[in-house]
Amino acid sequence: MIRLPAVSGYRLPPKEIQEIVDVPPNASYHLSPRRDRIMFLKRRAMPPLSELAKPDKILAGIRIDSSCNMRSRMSFYTGISIHLLMDDGSLGPEKVVHGYPDAAKINFVTWSPDGQNVAFTVRYEDEAGSDSNLALWVANAESGEARPLFRQTDIRLNAIFELFVWVDHSTLLVCIIPSSRGDSPKKPLVPFGPRIRSNEQNNVIQMRATKEMLKDLHEEELFDYYATSQLVLVSLDGIVKPVASPAIYTFLNPSPDEKYLMLTCVHKPYSSIVSYKRFPKKVELWTVHGRFVRELCDLPLAENIPIAANSVRRGKRLIRWRPDMPSTLYWVEAQDGGDANVEVSPRDIVYMEPAEPLNGEKPHVLLKLDLRYRRISWCYGLHALAYEYWHKTCRTRTWIISPDCNDLSPRLLFDRSSEDAYSSPGSPMMCRTPAGTLVIAKIKTNYEGTYILMKGQGATPKGSVPFLDLLNITTGAKERIWESSVDKYYESALALMSYHPKCEIQLNELKFLISKESRSEAAQYYVSIWPDKKQVQITSYPHPYPQLASLQREIIRYERDDGVKLTATLYLPPGYNPSKDGPLACLIWSYPGDFKSREAAGQVRRSPNKFARINNSFPLLWLARGVCCFG
């Protein structure tokens with residue numbers, strides 16, 4: 001018989017591991033839309049036990065914290081600071097956002113489109129300690145002074161789905177709890193009735209194993225109770241105006257010209273075998289003044305989407321605003337009934353139309369695709385990049401389209417295997433428009449043609465070497481204008497820092513936010529300024545665990561018994577000398593990867609120069625206990 005030691009309270013890990021787990025992560029960053037400020041969000045190392053111990057309700061595939069009507073167990077920030085970004089790349093004085101309660105948990109941090117204000121939520125325990133308060137605050141980016149947005153104290157937020165969006169520089173669309181909502185429904189002693197399922201038409205429905213779905217009518221009532229919202233428009237001076245009727249709103253999307261609101265909601269009949277994502281879904285168009293424009297679609301319950309990869313919902317999907325136009329909608333419709341097993345051409349069609357079409361005006365067919373649509377990256381003017389893919393073959397294609405020129409046919413730019421990391425061309429670098437939307441940045445050069453920047457990880461047989469390529473989308477020619485150093489550091493271009501209202505950036509005026517790290521140095525942020533590519537360091541984070549500063553790290557290439565070549569990383573404790581210390585205990589971990597070819601499985605997708613960041617659930621914690629790690 002094994003006798004466990006009598007210990008009261010929670011057990012702590014060994015001191016060497018505890019010292020690493022308790023180190024808070026570096027602050028995350030958010031750039032302002034016009035790239036003139038940078039915001040740092042501070043975090044704590046571990047969530048408090050009180051957060052994990054909170055009871056929650058699991059309904060339709062989501063966990064709900066009923067005390068503050070939001071998702072449960074959400075991570076949070078503990079502080080916000082804002083700096084001006086100076087012309088020389090350095091940071092201006094720190095402005096700490098202040099005014100909210102001490103020990104508040106911060107979420108949903110969002111810049112206004114003009115970057116002059118920041119909206120966020122704070123939650124904190126009330127005086128009785130039995131409930132939590134969730135409030136929407138706004139801070140002035142210049143002074144850091146924060147205040148509650150709503151003047152009324154009886155307004156409560158509903159953060160089960162999308163909580164708020166900026167409609168313009170001074171107005172937000174917010175989900176609140178309807179004022180008529182009373183107490184939560186109580187479970188009846190006697191059920192409403194038996195649970196009945198039938199398949200009288202012998203439909204074959206393939207479903208992956210699911211749990212935590214709605215079990216009965218009482219849980220449907222609870223889902224309605226917690227998820228139903230009233231939409232309100234609220235200005236920065238606190239004026240509130242209701243919009244539309246209460247519903248379960250899952251997605252809020254204002255048009256770039258600030259005139260329309262695209263509202264997505266789910267409704268009954270619900271299902272006990274799929275999550276809310278497949279419930280009947282309605283998409284409506286309203287004006288910001290509260291006038292109903294039209295219904296874009298009302299999709300039925302989707303319990304029978306085939307289980308095959310690349311199968312999708314029938315009807316309109318991925319309805320979005322064109323980010324480079326005032327109020328133009330686009331969406332996709334499957335031509336195979338959403339069933340990837342059906343052979344058909346085209347498989348997907350992308351449509352486009354204005355928010356309020358003229359009488360009799362039909363949607364414009366923008367693009368026909370033989371693979372499954374993935375996304376479109378839009379560019380001001382004549383061009384956009386459209387992506388399609390097919391899971392079974394790993395084929396991915398990128399098309400250059402001219403959405404506003406009917407006489408120009410789509411041109412194939414890339415046709416490759418998504419598994420082939422060595423041939424990846426990267427993705428286009430984006431910039432913000434004055435409306436706050438993202439479009440592809442156009443690079444102005446002295447050459448003919450239209451140029452954009454492609455950012456990639458740069459996988460090579462010797463390790464990843466991130467890069468920036470100048471791509472002529474007229475000819476397909478590209479030139480590598482920057483890549484990471486390979487001797488000591490791993491550098492990565494994170495974001496374009498240059499700003500122009502039309503997203504047209506001169507090549508010799510480029511600015512980038514760069515991350516730079518090495519095996520022994522934690523990642524720091526730099527601003528790289530062209531044409532001389534001078535790098536200005538803007539952070540000085542200390543080594544998070546100096547006791548492991550000299551750990552040894554090596555990429556190992558090996559061949560499996562069936563001939564497949566693979567890679568892994570070997571980590572050795574600091575100061576380990578095999579001739580003196582002898583063999584070590586080794587912790588090995590792996591996770592299966594799915595590849596269609598041997599060659600793809602053997603490609604190197606990691607860098608020997610990256611810093612070994614250790615989180616609280618990573619096996620590398622055991623390096624502090626003298627254990628070798630391999631994975």
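The side chains of K54 and D65 meet in a salt bridge at 3.2 Å, N to O, a term that covers a side-chain nitrogen of Lys or Arg within 4 Å of a carboxyl oxygen of Asp or Glu. This pair links distant parts of the chain, 11 residues apart: K54 sits in the loop between helix 2 (49-52) and strand 3 (57-59), and D65 in strand 4 (residues 62-65). Helices (H or I, at least four residues) and strands (E, at least two) are DSSP runs, numbered from the N terminus.

A word on the source: this is a predicted model, where local features need pLDDT of at least 70 and side-chain atom pairs count only at pLDDT 80 or more, while totals for chains, interfaces and linings use all residues. Residues are numbered from 1 along each chain as its sequence is written, and side-chain values use heavy atoms, with hydrogens and water left out.

The structure holds 25 salt bridges, including these:

| Pair | N to O distance |
|---|---|
| K54 and D65 | 3.2 Å |
| E212 and R63 | 3.5 Å |
| D404 and R322 | 3.0 Å |

D404 lies in the loop between strand 25 (395-401) and strand 26 (411-417) and R322 in the loop between strand 19 (316-321) and strand 20 (328-334), so their bridge ties together parts 82 residues apart in sequence. R322 is buried at 1% relative accessibility, whereas D404 is partly exposed at 41%; buried means under 20% relative accessible area, exposed over 50%, and partly exposed in between (1.4 Å probe, protein chains only). D65 is buried too, at 4%.

Elsewhere, R317, D336, E343, R347, D348 and R372 are linked in a network of salt bridges.
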